[in-house]
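Please work through the following exercises with the sequence and the model at hand. Each task is followed by a solution in steps.

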Amino acid sequence: MVFRKPPDGGWGWVIVIVSFFTQFLCYGSPLAVGVLYLEWLDAFGEGKGKTAWVGSLANGIGLLASPVCSICVSSFGARPVAIFSGFMVAGGLMMSSFAPNIYFLYVSYGMVVGLGCGLLYTATVTITCQYFDKRRGLALGLISTGSSVGLFIYAALQRELIELYGLDGCLLIVGALSLNILACGSLMRPLESPSSPPPEKTSIDVVPDQYFVYHEKEKTVEENISILEKGYIDEKCVNNVPDCKQDSILNKNVLSSVNVNEKDTYKKKVVEQTNFCKQLAKRKWQLYLTYWKDTMVLFKNKVFSALFVAILLFDIGGFPPSLLMEDVARSANISEDDYYMPLISIIGIMTTVGKLVLGILADFKWVNTLYLYVTTLIMTGVALFAIPFAKSYLTLAMLSGILGFLTGNWSIFPYVTTKTVGIEKLTHAYGILMFFAGLGNSLGPPIVGWFYDWTQEYDTAFYFSGFCVLLGGFLLLLAALPCWNACTNRSSKLPPNTYSYKVASNA
């Protein structure tokens, strides 16, 4: 497919608007699932750890399936994937209203809605990157705030809908709202040249056509021979019966010789096809080997290895507050009169502010993005340690705002990855890191919930979460210290296409 030069405007701003609303509609309920989490605890009577799996799957499975999502968007385009995913998100939410048990929610809400959100995220980012080049950072920053605004609004909206229509009615209405994704997806017009010639077929596509044509030719030859044979024999049989028998025997011999030649040709074609399949399998195997070699080269970079551990531990410890903070407030016996705004809404709006502020700071030349990211990790760990000491709505609201702001470090994570591995290996490295980020998102809330089930209080759980985030932050800080570069330069050269901390700070 041939694409035009990104216009950096025009219809691209329509793409930004619809992508913003797409992320708003699809991520609003999964990110604000903490409101539903309380209702599911009361409805099914399961443990907190088991119930937390629903929200963690909805938020983590999209990252875990990011390679599959990328393949789908590359194969079918952003618009068809967005429309199909809109049906998935809306259908999963509506199916969840009829859930008879928590295991049904694992599939309907956790997997179906989660995979739909992952597909929509990939589609919106891909179509936005196609329309923008110079203003790509601004466009991506605008659409990324859609999920945070959705968290802010959906937290209060779902709470109000539950009071008016109950849990089932809330899920049905939210699912109906998600159908607006179909309208947004229909406006994601692909940026391709209308006068571009059709792409040439690759060797993989040509081979089946060749064999298809070959079989058609073979069928045509046999039909023509049989027709000619029949007409010739009929004519001879009318005139002379002995000649008829003789010609019939002769034509049978000719037909058998033709069939032998066709069989030989068919065998040759089979051999060619077999050799082609062997070469294709060999080429694919070489690609797999190259992929794993490149992966090993990435992990030889100390900063990347520490970044991999840090993002995994950060999502294990840093994600649970957005899911469990409402239950923390209820466990602290905070009265409804003091409850001015859902804590999840505070996290959502401050996440939006954090993304914008941290993104702006990352653009300053005097700011080292890696140090900035490490600072957000350490501050997040300290805030998690402070949650057990918060016994009022005001203190929990302040901690929710701090945690929401620091969670906005997702906006600078691509910067950190680029400065660590280089632009050439960004796609490979970012895919690996996002996979393990999704794994952390999926494991974090259930682990915290299991801690509560064992101890009947959240103190130990958030101490564990804070320890995980602090450990990841300090490991990344130690790996990034300049003294490691001196030791590395004395012993051996860095792997190709990687950057040390010193290079990253000046890049």
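The exercises below concern cysteines, aromatic rings, a surface patch and a loop residue in a predicted model.

**Exercise 1. Determine how many disulfides the structure holds, and explain the result for Cys26.**

Solution. 
- Step 1. A search of the whole structure gives zero disulfides.
- Step 2. For Cys26, the closest cysteine sulfur belongs to Cys117, at 4.3 Å.
- Step 3. A disulfide requires the two sulfur atoms to be within 2.5 Å, so the distance of 4.3 Å is too far for a bond.
- Step 4. As for accessibility, Cys26 is buried at 2% relative accessible area, and Cys117 is buried at 0%.

**Exercise 2. Describe the pair formed by Phe389 and Tyr463, and state which parts of the chain it ties together.**

Solution. 
- Step 1. The ring centres lie 6.5 Å apart with the planes at 55°, so the pair is tilted.
- Step 2. Phe389 is in the loop between helix 14 (369–386) and helix 15 (393–407), while Tyr463 is in helix 18; the pair therefore ties together parts 74 residues apart in sequence.
- Step 3. Phe389 is exposed at 64% relative accessibility, and Tyr463 is partly exposed at 33%.

**Exercise 3. Which residues make the nonpolar surface patch of about 370 Å²?**

Solution. 
- Step 1. The patch is made by Leu164, Tyr165, Ile173 and Leu177.
- Step 2. Leu177 is located in helix 7 (residues 136–178).
- Step 3. Leu177 has a relative accessible area of 32% and is partly exposed.

**Exercise 4. Locate Gln456 and describe its backbone and accessibility.**

Solution. 
- Step 1. Gln456 sits in the loop between helix 17 (426–455) and helix 18 (459–480).
- Step 2. Although Gln456 is not a glycine, its phi is positive, at about 60°.
- Step 3. Gln456 is exposed, with 54% relative accessible area.

Key. Residues are numbered from 1 along each chain as its sequence is written. This is a predicted model: local features need pLDDT of at least 70, side-chain atom pairs count only at pLDDT 80 or more; totals for chains, interfaces and linings use all residues. Side-chain values use heavy atoms; hydrogens and water are left out. Buried means under 20% relative accessible area, exposed over 50%, partly exposed in between (1.4 Å probe, protein chains only). Helices (H or I, at least four residues) and strands (E, at least two) are DSSP runs, numbered from the N terminus. Patches are made of residues with over 30% relative accessible area and no salt bridge: like charges are joined within 9 Å, nonpolar side chains (Val, Leu, Ile, Met, Phe, Trp, Tyr) within 5 Å. Accessible areas come from the Shrake-Rupley method with a 1.4 Å probe; for residues, only the protein chains shown count as cover. A salt bridge is a side-chain nitrogen of Lys or Arg within 4 Å of a carboxyl oxygen of Asp or Glu. Rings of Phe, Tyr and Trp (its six-membered ring) pair if their centres lie within 6.5 Å; planes under 30 degrees apart count as stacked, over 60 as edge-to-face and the rest as tilted.
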